[in-house]
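Here are my notes on this model, point by point. Please read them with the coordinates open.

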Amino acid sequence: MIRFRIKELLAEKEFREQRKITLGEVSEKTGVNRTSLSKMQSPIMRHSTTTNAIDSLCKYFRCQVGDLMVYVDDEQVEPKID
């Protein structure tokens, strides 16, 4: 599965800029819907997105596509136990 690294990139940007950054701000600056960003943050959700959104997020975080999302083998993901 593809796992988005939004949380990690957001934490790195907050550290660099020494301030709190909300998903609302990311949404405003990138044009990517806040709900979509929330879904991308959740490793359980398998969110589909457009190349335009990926491009906008890479520009915002100043990263490469491989920094934004990574492939994780389904066998490496531990099932969630309720």
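1. Charge over a ring. The criterion comes first: a charge sits over a ring if NZ of Lys or CZ of Arg is within 6 Å of the ring centre and within 35 degrees of the ring normal. Lys13 meets it, lying over the face of Tyr60 at 4.5 Å from the ring centre. Tyr60 is buried, with 12% relative accessible area. Buried here means under 20% relative accessible area, exposed means over 50%, and partly exposed is in between (1.4 Å probe, protein chains only).

2. Ground rules. This is a predicted model, in which local features need pLDDT of at least 70, side-chain atom pairs count only at pLDDT 80 or more, and totals for chains, interfaces and linings use all residues. Residues are numbered from 1 along each chain as its sequence is written, and side-chain values use heavy atoms, with hydrogens and water left out.

3. Aromatic pair. How many aromatic pairs does a search of the whole structure find? It finds 1. Tyr60 and Phe61 form that pair, edge-to-face, at 5.0 Å centre to centre with 80° between the planes. The cut-offs: rings of Phe, Tyr and Trp (its six-membered ring) pair if their centres lie within 6.5 Å, and planes under 30 degrees apart count as stacked, over 60 as edge-to-face and the rest as tilted. Phe61 is buried, at 4% relative accessibility.

4. Nonpolar core. The largest one has 19 residues. Such a core is a set of buried Ala, Val, Leu, Ile, Met, Phe, Trp, Tyr and Cys residues joined through side-chain atoms within 4.5 Å. Ile6, Val26, Leu37, Met40, Leu57, Phe61 and Leu68 have the most contacts inside it. Helices α1 (6-17), α2, α3 (34-41) and α4 (51-61) each supply at least two residues of this core. The most come from α4, with 6 residues. Helices (H or I, at least four residues) and strands (E, at least two) are DSSP runs, numbered from the N terminus.

5. Val26. Which residues does Val26 touch, not counting those up to four places away in sequence? Leu10, Ile21, Gly31, Leu37, Leu57 and Tyr60. Contact means heavy atoms within 4.5 Å.

6. Glu25. This residue is in helix α2 (residues 23-30). Leaving out residues up to four places away in sequence, Glu25 touches Arg19, Lys20 and Tyr60.

7. Salt bridges. A search of the whole structure finds 7. The rule is a side-chain nitrogen of Lys or Arg within 4 Å of a carboxyl oxygen of Asp or Glu. Lys13, Glu17, Arg19 and Glu25 are linked in a network of such bridges. Glu17 is partly exposed at 33%, and Arg19 is partly exposed at 35%.

8. Two further bridges. Lys59 pairs with Asp55, with the closest N and O atoms 3.3 Å apart. These two are 4 residues apart in helix α4, so about one helical turn separates them. Lys59 is exposed, at 59%, while Asp55 is partly exposed, at 36%. Glu12 and Arg5 form a salt bridge too, with the closest N and O atoms 3.9 Å apart. Glu12 is partly exposed, at 39%, whereas Arg5 is buried, at 18%.

9. Cysteines. A disulfide is a pair of cysteine sulfur atoms within 2.5 Å. The search of the whole structure finds 0. Cys58 is buried, at 9% relative accessibility, and Cys63 is buried, at 12%.

10. Backbone. Gln18 has a positive phi of about 55° although it is not a glycine. Gln18 is in the loop between α1 and α2 and is exposed, at 63% relative accessibility. Arg62 also has a positive phi of about 55° and is not a glycine. Its place is the loop between α4 and α5 (65-68). Arg62 is exposed, at 77%.
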